[in-house]
Amino acid sequence: MKCPFCGTLEDKVIDSRTSKEGEAIRRRRECLKCGKRFTSYERVDDILPMVVKKDGRREPFDRIKVLGGLKKACEKRPISIDTLESVVDSIEKKLINMGTREVPSTWIGEEVMNSLRETDKVAYVRFASVYRQFKDINELMDEVKTLFEQRNPFPGRTPKA
């Protein structure tokens, strides 16, 4: 494994742990040249479908791209990286189980939004505002109202604090 600090290929594994779901192995490594420590992950190389973008382009599914979008939406929110990783793991698992060669990017966006809706409402609104490209503040307010109505078991009444 190449050291991200000095580029040397010599390292030793200090600790190995299996993820909760058993989908990956997390390894803590120490560079034998510079002595710095870093983490690597080992996963089974599943065959994932191509993602069909809105403009018709096709590109391979990129877990890091999805995780980056989640991180941006959850910035300064009390959500652990483990939670975000599990969201991406869940999406990957669904993609594999679908058994199709291609999937629309909109499907991935909706899956991310559904997960964020259940995880953190603020992160959900952040992601939705970029993903859905609201034209004005009224569209955003409609989305927030819908979110509030889904949470409120008594429509027409505000919940007591």
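This briefing describes the strands, helices, core and selected residues of one predicted model. Because the model is predicted, local features need pLDDT of at least 70 and side-chain atom pairs count only at pLDDT 80 or more, whereas totals for chains, interfaces and linings use all residues. Residues are numbered from 1 along each chain as its sequence is written, and side-chain values use heavy atoms, with hydrogens and water left out. Helices (H or I, at least four residues) and strands (E, at least two) are DSSP runs, numbered from the N terminus. Two strands are said to pair if DSSP finds at least two bridges between them.

- Strands of a sheet pair through backbone hydrogen bonds, either parallel or antiparallel.
- An open sheet is built from 3 strands in the order 1-2-3, with antiparallel pairing.
- Strand 1 and strand 3 are the edge strands, and each pairs on one side only.
- From one strand to the next, the twist averages 25°; axes are lines fitted to C-alpha atoms (for helices over the stretch in contact), and angles run from 0 to 180 degrees between N-to-C directions.
- Strand 1 (residues 11-18) and strand 2 (residues 24-31) run antiparallel and are joined by 7 bridges.
- Lys12 has Glu30 of strand 2 opposite.
- The hairpin of strand 1 and strand 2 has 5 residues between the strands, and Gly22 there takes a positive phi near 75°.
- Strand 2 also pairs with strand 3 (residues 37-43), in the antiparallel sense and over 7 bridges.
- Bridge partners in strand 3 include Glu42 for Ile25 and Arg37 for Glu30.
- Ser40 in strand 3 stands opposite Arg27.
- In the hairpin of strand 2 and strand 3, with 5 residues between the strands, Gly35 has a positive phi near 80°.

- Another open sheet of 3 strands has the order 5-4-6 and mixed pairing.
- Strand 5 (58-60) and strand 6 (102-104) are at its edges with a single partner strand each, so one side of each has no neighbour in the sheet.
- Neighbouring strands of this sheet are turned against each other by 35° on average, direction ignored.
- Strand 4 (residues 50-52) pairs with strand 6 in the parallel sense over 3 bridges.
- Val51 stands opposite Val103 in strand 6.
- Helix 3 (residues 105-119) packs on the sheet and touches strand 4 and strand 6, where contact means heavy atoms within 4.5 Å.
- The direction of helix 3 makes about 60° with that of strand 6.

**The nonpolar core**

- A nonpolar core is a set of buried Ala, Val, Leu, Ile, Met, Phe, Trp, Tyr and Cys residues joined through side-chain atoms within 4.5 Å.
- Buried means under 20% relative accessible area, exposed over 50%, and partly exposed in between (1.4 Å probe, protein chains only).
- The largest nonpolar core holds 26 residues, of which Val66, Leu70, Val112 and Leu116 touch the most other members.
- Helix 1 (63-73), helix 2 (81-98), helix 3 and helix 4 (121-131) each supply at least two residues of this core.
- Helix 4 gives the most to this core, with 6 residues.
- Apart from its neighbours within four places in sequence, Leu70 contacts Leu84, Val87, Val88, Val112 and Leu116.

**Packing of helix 1 and helix 4**

- Two packed helices are described by the angle between their axes and the distance between the axes.
- Helix 1 packs with helix 4 at an angle of about 120°, and their axes are 8 Å apart.
- The two helices, helix 1 and helix 4, are therefore oblique to each other; angles under 35 degrees count as roughly parallel, over 145 as roughly antiparallel, 65 to 115 as roughly perpendicular and the rest as oblique.
- Gly69, Lys72 and Ala73 in helix 1 meet Ala123, Arg126 and Phe127 in helix 4.

**Selected residues**

- Lys76 is in the loop between helix 1 and helix 2.
- Although Lys76 is not a glycine, its phi is positive, at about 60°.
- Lys76 counts as exposed, at 80% relative accessibility.
- Met141 is placed in helix 5 (residues 137-151).
- With a relative accessible area of 40%, Met141 is partly exposed.
- Met141 lies 108 residues from Lys33 in sequence and 55 Å from Lys33 in space, C-alpha to C-alpha.
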